[in-house]
Amino acid sequence: MKYNYLYHNIARYCFTCILFILFIPGTFASKTGLQSDAQQNITVTGTVTSAADGVALPGLSVLQKGTNNGTITNADGNYSINVPRDAILVFSFVGFRPLEVEVQGRNTIDVVM
């Protein structure tokens with residue numbers, strides 16, 4: 001009889017600890033980096049144009065520095081990419097030097113190359 005009572009209390013204690021770790025905001029998740037992507041990432045959009053004549057640059061690569069996360073500009077020079085708030089975007093195009101731009105939490109970044 002004592003064994004069942006002890007086992008029951010240990011199981012209840014473990015269950016309570018697991019609930020505390022998983023469901024109490026600001027405890028385990030925020031300290032271990034387990035926050036959702038929605039909290040960490042933002043969508044950055046913009047237009048890329050040529051400095052020489054102001055024409056949109058279609059097919060230009062927009063890449064998050066240090067990752068394989070990237071996109072290309074459409075026919076109007078517009079792009080959209082989902083990145084962390086502190087990411088660095090690398091804009092590259094044939095015949096142009098690559099340009100690195102810090103996102104710094106901005107949602108719109110227009111670039112002139």
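Is Gln-64 buried or exposed? Gln-64 is buried, at a relative accessible area of 11%, where buried means under 20%, exposed over 50% and partly exposed in between, with a 1.4 Å probe and protein chains only.

The model is predicted: local features need pLDDT of at least 70, side-chain atom pairs count only at pLDDT 80 or more, and totals for chains, interfaces and linings use all residues. Residues are numbered from 1 along each chain as its sequence is written, and side-chain values use heavy atoms, with hydrogens and water left out.

View 1. Strands (E, at least two residues) and helices (H or I, at least four) are DSSP runs, numbered from the N terminus. Leaving aside neighbours within four places in sequence, Gln-64 is in contact (heavy atoms within 4.5 Å) with Asn-69, Ile-81, Val-83, Pro-84, Ala-87, Ile-88 and Leu-89.

**View 2. The salt bridge between Glu-100 and Lys-65.** A salt bridge is a side-chain nitrogen of Lys or Arg within 4 Å of a carboxyl oxygen of Asp or Glu. The structure holds one; in this pair the closest N and O atoms are 3.1 Å apart. Glu-100 lies in strand 6 (residues 99-102) and Lys-65 in the loop between strand 2 (61-64) and strand 3 (70-72), so the pair links parts of the chain 35 residues apart. Glu-100 is partly exposed, with 46% relative accessibility, and Lys-65 is also partly exposed, with 43%. Side chains of opposite charge can pair when their charged atoms come close.

**View 3. The hairpin of strand 5 and strand 6.** Two strands pair if DSSP finds at least two bridges between them. Strand 5 (residues 88-92) pairs with strand 6 in the antiparallel sense over four bridges. Glu-100 in strand 6 is the bridge partner of Val-90. Six residues stand between the strands of this hairpin, in which Gly-95 takes a positive phi near 90°.

**View 4. The open sheet with strand order 4-1-7.** This sheet has three strands and mixed pairing. Strand 4 (78-84) and strand 7 (111-112) each have a single partner strand and stand at the edges, so one side of each is left without a neighbour in the sheet. Strand 1 (residues 41-49) and strand 7 run parallel and are joined by two bridges. Val-112 in strand 7 is the bridge partner of Thr-49.

**View 5. Residues 26-31, with pLDDT below 50.** pLDDT is the predictor's confidence in each residue, from 0 to 100. The protein has a mean pLDDT of 80, and 65% of its residues reach 70 or more. Beyond near neighbours in sequence, residues 26-31 have eight contacts in the model. Where pLDDT is low, the predicted coordinates should not be read in detail.
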